[in-house]
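Thanks for coming. I will go through one model this morning, strand by strand where that helps, and then turn to the charged pairs.

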Amino acid sequence: MNIQPIETTRVAAGSLHTADYLTLIGVAKLPPLTSPFDPGYDPLTLEGHLDQSAHLMSILKISMACWMIANESATRLKIAAAKSHGIPTVTGGGPFEIAVAQGRLEPYLDLCADIGVTRIECGEGFTDLRLGARDIVKMARDRGLEVQFELGKKHGGTFQESVVDQLIEQGKTWIDAGALQLVVEARESARDVGLFDEQGNFNAAFADRFAHVFGLAVVMFEAPNKSSQFAMLQHFGREVHLCNVRLEELLRVEIYRRGLHSDSFSKANLRPAIPAYAAAPSG
């Protein structure tokens, strides 16, 4: 049997694009929905991640207190690099808590504003606040800083029903005071903390309560590892806002969100859906 070769049309290199192909296979176009964190990378490494993935970042967390003891010029370079990519930045909650405990909140806010971050994170993860939410938000705003608040204790273990009730009320107080977003604590382990038990099992019912009261546009869920990231995405779908994701794990999270991961392609709420007109057979 004489088999004729299939003729293909060659196109100039560089004329085909990944974005067009993703549309062709039905991948949803999404706004940035992940807030990754920089655990203390050097400026060149951070700039490489920004070049590669800035379009996927909602806000970049300059995590923990690493930026305070690094060479200051490097810290300022990183903030400037994020700004040049149009990415807002937020400091972690730990430095805020220490500043309050040491009676030095105003100098801390002055420093954050001078370095050029967009937002500060407030919380009571390992200390207790003696200042009111409205006072803190006003102090931040007076310096051009936005505010987000983290819900939950770092050493308080897995949430109980009564704790969730208290945190929801606390979240309402901060949103009413002018905080833009809320973060649900999970630390770096997602085990025996917040929504996760000692084995890392995810409490979807408690997560739903936060989502129902505040909405997915306001509440962000810390998802520091693969199991927590996948659990959140499988439960809420692609619209959930995740944070505390390491920079090198951002692309993995985003392919899972878009149904391009082997474990998410089978999930009805994540799998790409080809438009009916595109999927219909020709002829």
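Buried here means under 20% relative accessible area, exposed over 50%, and partly exposed in between, with a 1.4 Å probe and protein chains only. Helices (H or I, at least four residues) and strands (E, at least two) are DSSP runs, numbered from the N terminus. This is a predicted model, where local features need pLDDT of at least 70, side-chain atom pairs count only at pLDDT 80 or more, and totals for chains, interfaces and linings use all residues. Residues are numbered from 1 along each chain as its sequence is written, and side-chain values use heavy atoms, with hydrogens and water left out.

Start with the overall layout. Eight strands form a closed barrel in the order β1-β2-β3-β4-β5-β6-β7-β8, with parallel pairing; two strands pair if DSSP finds at least two bridges between them. From one strand to the next the twist averages 30°, where axes are lines fitted to C-alpha atoms, for helices over the stretch in contact, and angles run from 0 to 180 degrees between N-to-C directions.

Now β4, residues 119-123. Five of its five residues are buried, so the strand is largely enclosed by the rest of the structure. In a regular strand, side chains alternate between the two faces of the sheet. In β4, Arg-119, Glu-121 and Gly-123 point one way, and Ile-120 and Cys-122 the other.

On one side, β3 (residues 89-91) runs parallel to β4 and is joined to it by two bridges; Thr-91 has Ile-120 as its bridge partner. With β5, residues 146-151, the parallel pairing has five bridges, and Cys-122 stands opposite Phe-149.

Next, the charged pairs. A salt bridge is a side-chain nitrogen of Lys or Arg within 4 Å of a carboxyl oxygen of Asp or Glu. The whole structure has 18 of them. In one, the closest N and O atoms of Glu-121 and Lys-61 are 2.9 Å apart. Glu-121 lies in β4 and Lys-61 in β2 (residues 60-62), so this pair ties together parts 60 residues apart in sequence. Glu-121 counts as buried at 1% relative accessibility, and Lys-61 counts as buried at 8%.

What about the accessibility of Asp-142 and Lys-138, buried or exposed? Both are exposed. Their side chains meet in a salt bridge, 2.9 Å from N to O, and both residues lie in helix α7, four residues apart, about one turn of the helix.
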